[in-house]
Amino acid sequence: MKNITHWIGGAAVEGGGRTADVFDPATGTVAGRVHLAAAEQVDEAVAAAAAAWPAWRDTSLVRRARVLFRFRELVDAHAGELAALISAEHGKVHSDALGEVARGLEVVEFACGIPHLLKGGFSEGVSTRVDSYSIRQPLGVVAGITPFNFPAMVPMWMFPIAIACGNAFVLKPSERDPSASLLMARLWKEAGLPDGVFNVVQGDKAAVDRLLEHPDVRAVSFVGSTPIARYVYEAGTAHGKRVQALGGAKNHMLVLPDADLDLVADAAVSAGFGSAGERCMAISVVLAVDPVGDELVDKIVSRVAELTVGPGDDPASQMGPLVTQVHRDKVASYLDLGVAEGAKLVIDGRRTPILGGGAAADTPGFWLGPTLLDHVPAGSRVHTEEIFGPVLAIVRVSSYEEGLKLINDGEYGNGTAIFTNDGGAARRFQNEVEVGMIGINVPIPVPMAFYSFGGWKASLFGDTHVHGTEGVHFYTRGKVVTSRWLDPSHGGVNLGFPTNA
C-alpha cells in the first residue's frame, strides 16, 4: 500500500501521528495512506522555507527563470505519470487529467517571463536632480491550500508565480489525492530549485489552521468551497496575512432563441459532465429562453446516451467516478430533492451503465452518471446550491431579462456563459452580468495564464485574483524609491520643509 508523506527541506518526511485513507474512486478500495501533519510538521516546513528564502530572494531574475524553464520541461516530460496519479486518486479520465496538467503548465510558462513581469517604472528628474522609481519585492514565506478536483493545476496556479517572484512556498494539497504534489516536489528539486523553497505538508484542518496562524507565513492562497474560503479569509486576515480565497460557484449558461442548439448541446454536455461535474467552472444550470427548451433537452439527451462512463485508466472512458463515497452520496441526494421540488428527472445517473460493471448505483466505486433535471423551478435548492457533480439543471425562462436577473440575483459570481448569434445581445450581457469570468459561445471561460482567474460575490474573498498580473502583485509588494545624487559643488543646510522645486 502506498505511503504518502510530506516534502520538507528537499526530502520526503513522515510524521504527524495521524493518517488518512486514500481511495481508488473507481473501485472504492483503499489504495494508500497519507500522513496528516500536526503543527510540528507545519512549523518544520515553514522553518525550512524561511531558511531558504533569503538566498532565493537574492537570486537573480535570470537564474530564477532558468529554474522555471527546467521545471516546465520536466513537468511536460512527466505529464503522463502525473496524469496517472490524478486519475488513480481523483478518478477523472486520463485525457482529462492530461488536460489539467497542460493548463497548469500554461501558468509555469507565464512565470518563466518573470524578468519582464517584475520590471518597475522610472521617472528621471521629478525634482531638481531627483529621480523616482518603483520596484516589487517578494513577501517571504507564502502558502497555498488547494482542493481535490485539480490536484496539479490549481497548485500550479499559485507556486510557479510565487517562486518566480522570489518567495518560498508551502503547499497544503487535498488529503484525498495528495500524490501529485510529491511528484511536482521531486521535479522542482531535479530542476535545481534550492531545498526548502518548495515544501509540501499533507494534512487536514489542523494543518490549515497552523498555516493561517503561523507568524512567518506572509500570504495564503486558497481554492475550495465558499464556507471554507470565508473561514480562510477571515482567519488569515485576522492574523495579519494577505489572503486570496476563491470559493464556490453556480455557473449559468443563458441560451437565447437564435443560438445554434447543436453547439449549445455539445457545450452543455461537455461543461456539465466533464470531470464528473467536479469543476468550479462547470456549467450546472442552463437557462433556456422560450421556445428552445424542448428541442435543447432532446439534443442533450441524445448526446448523453452516447457517453461512456468508466474507470479513469480505461481509454474508452469519457467520464469517471466521483472522488469519495460521501461526496457521491451528497450529489445523488439532489436527484430526489429536485423531483420533490417539482423538477422532472429526465436522466437518472444512478442507472447509468458503468464499463465492466452494472448500473452506477450497484457498482463498487463512487459512481454517478450524467444526470439531467428539466423544468427546475427558479430559486429551488437544485437551482441555487452548488452540487459539484454531474447534475445539469434546465431552468425555463421567458426572456433575456429574466435569465440575466436569475444570474445576478444568485449568491455566486464565478463563471457564466451566453450562447447567441446576436453580437449586440452578447455585448449587453458582458456589460450587465455580475460575474467575474464570462464566456460568449464558450462554456468554460477559464482565462489563459496571462490573464487572472477569479469571480465575484461569494466566489472570491479578497481583492486579488490568481495568476496573471494580479498573481504577480499578490506575491510581491511595491516600493517607491526617491533618490538624489548631489554633485560635489552643492551643499548647505536648509531646515525648511522640502518642496518639489
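Me: At what angle do helix 4 and helix 6 pack?
Reply: In this predicted model, helix 4 covers residues 94–111 and helix 6 covers residues 153–164. Their axes lie 8 Å apart. The angle at which the two helices pack is about 15°.

Me: Are helix 4 and helix 6 roughly parallel or roughly antiparallel to each other?
Reply: The packing angle of helix 4 and helix 6 is about 15°. Angles under 35 degrees count as roughly parallel. Helix 4 and helix 6 are therefore roughly parallel.

Me: Why is helix 14 described as roughly parallel to helix 15?
Reply: The axes of helix 14 (residues 400–408) and helix 15 (residues 423–432) come within 11 Å. These axes cross at roughly 25°, and angles under 35 degrees count as roughly parallel. That crossing angle therefore makes helix 14, relative to helix 15, roughly parallel.

Me: How many charged residues are in the contact of helix 14 with helix 15?
Reply: On helix 14, the residues Y400, E401, L404, I407 and N408 meet A425, R428, F429 and E432 of helix 15. The contact holds five nonpolar residues and one polar residue. The number of charged residues is three.

Me: Is the crossing of helix 14 and helix 15 left-handed or right-handed?
Reply: The crossing of helix 4 and helix 6 is right-handed. For helix 14 passing helix 15, the crossing is right-handed.

Terms used
Residues are numbered from 1 along each chain as its sequence is written. This is a predicted model: local features need pLDDT of at least 70, side-chain atom pairs count only at pLDDT 80 or more; totals for chains, interfaces and linings use all residues. Side-chain values use heavy atoms; hydrogens and water are left out. Axes are lines fitted to C-alpha atoms, for helices over the stretch in contact, and angles run from 0 to 180 degrees between N-to-C directions. Helices (H or I, at least four residues) and strands (E, at least two) are DSSP runs, numbered from the N terminus. Angles under 35 degrees count as roughly parallel, over 145 as roughly antiparallel, 65 to 115 as roughly perpendicular and the rest as oblique. A crossing is left-handed if the near helix is turned anticlockwise from the far one by less than a right angle, and right-handed if clockwise. Contact means heavy atoms within 4.5 Å. Ala, Val, Leu, Ile, Met, Phe, Trp, Tyr, Cys and Pro count as nonpolar, Asp, Glu, Lys and Arg as charged, and the others, Gly among them, as polar.
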